[in-house]
Amino acid sequence: MVSAGEKDTEQGFKMEEENDQSNQTSPIDKRDLVYELMVIIQTISSYGEYRRTQRKESRNLVRRMKLLLPLLEEIRDFEGQIPESGIACLVKMKKAFLCAKKLLKTCHCGSKLYLALESEAVIGRFHSVYEKLSQTLDGMPYEELGISDEEKEQVELMIVQFKRSKKRIDTQDMELAMDLMVSLSTENDRNADSASIERLAKKLELHTVEDQKAEMVAVKEVIKERRAHNAENTQRIIDLLNKLKRLAGMDETGTSDEPVMPKALEKSTSIAIPNEFLCPITLQIMTDPVIISTGQTYERESIQQWLDSNHHTCPKTGETLTHLSVAPNFALKNLIEEWCLKNNFQLPTKEVPTTPKSPSAGSDEKLLSLIKDLSSSHLEVQRKAVTKIRMLSKENPEKRTLIANYGGIPPLVQLLSYPDSKIQEHAVTALLNLSIDESNKRLISRENAIPEIIEILQNGSIGAKENSAAALFSLSMLDENKVAIGSLNGIPPLIDLLQNGTIRGKKDAITALFNLCFNHANKSIAIQAEIVAPLLQLLAEKHLDMVDETLSILLILATHPEGRQEIGKLLFIETLVNLMKDGTSKNKECSVAVLLELSTYNSNLMLAALQYGVYEHLVEISKEGTDRGQRKAKSILQLMSRTEQIPY
C-alpha cells in the first residue's frame, strides 16, 4: 500500500511518460533530458546530512548516483543522434531519479519519528529505486551511444552493486526499535521510563525546543500526506511526539492544529532563501554564522549545542573535528545582511535570557560536596547524597555531565556493594540515569560496575532489581558490554525477573534481554537458560500488554537453530495464528514475521499453520496490514506457492 504522496508521484510519472512518448522532439531537445538528470544529481548532492535512521542508505544512494555522472557526460557529448532505445532508457532513468530525489528529500528533512517507526518500509523504497536503476542500466544501448569500454565496465560493476543492494536486507537498528517500543508503552514517570524516552530523544536528535518545533512541522506534513492511511501508526507518531515534547518542557498541542513554525520558515514560503544562508542543522537563515575546523559554517547557537552535547564531528560531513573552537564568518554575515536589506526580509531576533543558565560556582561546590559525601563514613550522609544525585541525574542532562566530570561515577559504583538496600537502589538508579549519555556508558563499564549490577539484579530489592535490569539494557548499547553481561552470567537473573517480577520488572527484563540477544553467543546462553517458556507464558497473559515485545525477542531467537527448535512447537504456531486473527495490527505484523522465519527452515510448521487456518489471515494481512506486515505475509504466501502448500 502506498501513501497519497507516493500515488501522486506515480501519477506524475505516468503523465510524464505519456508526454515523452507523444512528443517527437529533436536530438537537441532529447539531450535536455540528460541535463535534467545531471541537475537532479546536483540537487541531491546538495542535501547534506540525512536523518540518523536512513543516513547510511542515503549516503550510499547519493554516492552511486554521482558515479553515473561520467556516463551521462558521455551521452551528452555524443555527436550522433540518440537512438530511440536510448531515449526510452533515459526516460526510465528520470523516473528512477525522481523517485530517488523524493526519497532522499524525505530522509533529509522529513519527520524523524516517521522515518524511525517506518524504517523497514523506507528501506523497501531504497530497494525499489535500485531495482529501477538496474533495469534502466541493463537496457542502455552502450554501443550505439559510443560509450567507452572503461565506462561500460564501471556501469557493469554498478549494476552488480545495485542488485546486491536490492537483495540485501539491512539489519534494522533493533536497539532503536526497542527504545521506540518502550517509549510507546510507558505511562509511568519512573527513572527507567524517562531514561528510555530521553535516550530516544538523543538518538533522533529531538531533545531541544527547536528540534521539537521542526519535528512538529514535519509531522503535520506526514499527517497531511497520509490522510487516513495507516491511522494507527500516525497516532503512534503523535503519541511519541507528545512524550518528547513533555521531556523538552513544551506544552502538548495537537499536531493537527497549526504548528508553531519558526518565523524564518514562515518567510521562506514566500521568499526563496539561498541555501548557503541556511544553517545545515536547523535549516533556518543564519544570524550569527561561524566556521568550524572542517570549513563548514553553522549558526553559532546550533553548533555550540552540538559541541556541548559531547559531539566531536562535523554534523554535515561527519569528519572528526581537529579542534572545538569556532570563528565568526563575517563575509557570509555581510552577504546575508545585504540580501535581507535588498529583499526586505527581517532576520529572526534572538531572545537573550535575563539570567544566566550556566551553573554557578556555588552550585558546582554543592555538587562537589555531594560527590564527596558519597564516600562519607556516616550512613545517613551517604544516603542523602546518593538520593540527591539520583534526582539530579534524572532531571538535568547538564548535571549528568558534571557528575561524571567531577568524579561521581567511581563512588557510585562502590555503593553498589554497600549492605544497605536503599543506598543500593539509589546508586544503581543514578548510574542508570548517567548511562543515558554515551560517554558515561564507557566510564561506568571501566569502573567494573556490571558484576555489581548483576549482583543487585539477583539479590536486591524489587525496585533495585527493576532498575538494575534497565541499567543493563542501557549499558548493553555498547557491543563489548553485551559480551560482558552474557559472560558474567547476567542473563539468567534477567530471565528470572521476566518470569517472577512485577509487571514493571517484566518489561525492564524483556527490553534488556532483547538487546543482549543481538549477540549470537547470548542467544545460546538465553535459550539454555530456558528463556522460551516464560516468553510463551507472556503471550498467554495478554493483560500485561507485552505481546509485541515478546514476539520481537522470539523473532531474534528464531534466527538461531536452537531457538527454532525450542520455539517451533504446535501450541506456539496455534498462538501465532490466533494473534493474526484477533490481535492488533502490530501483533499481526510481528506474528507474521516470526512465522516466516520459522517456516523458511521448517515446512512442517507452515503445514501446521495451514491446519490452524492461517491462509485466510495471511491474505487479509497482505492486503490490509501494516506495510511490514503486508510484505511478510506476501513472502509467506510466495513460499507456500513454491512448495505447493496453498490450499485450494
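Student: What does Ile291 stand opposite in β2?
Tutor: Thr297 of β2 stands opposite Ile291. Keep in mind that this is a predicted model.

Student: OK. How many bridges join β1 to β2, and how do the two strands run?
Tutor: 3 bridges join them. β1 covers residues 289-291, and β1 and β2 run antiparallel.

Student: And the whole sheet? What's the strand order?
Tutor: The order is β2-β1-β3. The sheet is open, has 3 strands, and its pairing is antiparallel.

Student: Which are the edge strands?
Tutor: β2 (297-299) and β3 (327-328). Each of these pairs on one side only.

Student: Which helix packs on the sheet?
Tutor: Helix α14, residues 300-308. α14 touches β1, β2 and β3. Its direction makes about 95° with that of β2.

Student: Zoom out for a second. How many helices and strands does the protein chain have?
Tutor: The count is 35 helices and 3 strands. The chain has 648 residues, and buried ones make up 51% of them.

Student: What share of the contacts joins residues at least 24 apart?
Tutor: 71% of them, counting contacts between residues at least 6 apart in sequence.

Student: New topic: rings. How many aromatic pairs turn up in the whole structure?
Tutor: The search finds 3. Take Phe277 and Trp339 as one of them: their ring centres are 6.0 Å apart and their planes sit at 75°, so this pair is edge-to-face.

Student: Where do Phe277 and Trp339 lie?
Tutor: Phe277 is in the loop between α13 (263-268) and β1. Trp339 is in helix α15, residues 330-342. The pair therefore ties together parts that are 62 residues apart in sequence.

Student: Is Phe277 buried or exposed? And Trp339, buried or exposed?
Tutor: Phe277 counts as buried, at 6% relative accessibility. Trp339 is buried too, with a relative accessible area of 14%.

Student: What about the rings of Trp339 and Phe345: how far apart are their centres?
Tutor: 5.5 Å. Their planes are at 55°, so this pair is tilted. Phe345 is buried, like Trp339.

Student: So which residues form the aromatic cluster?
Tutor: Phe277, Trp339 and Phe345 form one cluster.

Student: Let's move to α33. Which of its residues are buried?
Tutor: Helix α33 spans 603-611, and its buried residues are Leu605, Met606, Ala608, Ala609 and Leu610. What covers them includes α31 (570-582), α32 (585-601), α34 (614-624) and α35 (627-642).

Student: What caps its N-terminal end?
Tutor: Asn602 caps α33 there. A side-chain oxygen of Asn602 lies 3.0 Å from the backbone nitrogen of Asn604. Just after α33, Gly613 takes a positive phi of about 85°.

Student: Why call Thr136 buried?
Tutor: Because its relative accessible area is 2%, and buried means under 20%. Beyond neighbours within four places in sequence, Thr136 is in contact with Cys89, Lys92 and Met93.

Student: Last one: Lys66. Which helix, and how far from Gln42 in space?
Tutor: Lys66 is in helix α3, residues 55-66. Lys66 and Gln42 are 8.3 Å apart, C-alpha to C-alpha, and 24 residues apart in sequence. Lys66 is partly exposed, with a relative accessible area of 42%. Leaving aside neighbours within four places in sequence, Lys66 is in contact with Ile41 and Ser45.

Technical notes:
Residues are numbered from 1 along each chain as its sequence is written. This is a predicted model: local features need pLDDT of at least 70, side-chain atom pairs count only at pLDDT 80 or more; totals for chains, interfaces and linings use all residues. Side-chain values use heavy atoms; hydrogens and water are left out. Two strands pair if DSSP finds at least two bridges between them. Helices (H or I, at least four residues) and strands (E, at least two) are DSSP runs, numbered from the N terminus. Contact means heavy atoms within 4.5 Å. Axes are lines fitted to C-alpha atoms, for helices over the stretch in contact, and angles run from 0 to 180 degrees between N-to-C directions. Buried means under 20% relative accessible area, exposed over 50%, partly exposed in between (1.4 Å probe, protein chains only). Rings of Phe, Tyr and Trp (its six-membered ring) pair if their centres lie within 6.5 Å; planes under 30 degrees apart count as stacked, over 60 as edge-to-face and the rest as tilted. A polar contact is a pair of N or O atoms within 3.5 Å; within protein, one must be able to donate a hydrogen and the other to accept it, and residues adjacent in sequence count only if both atoms are side-chain atoms.
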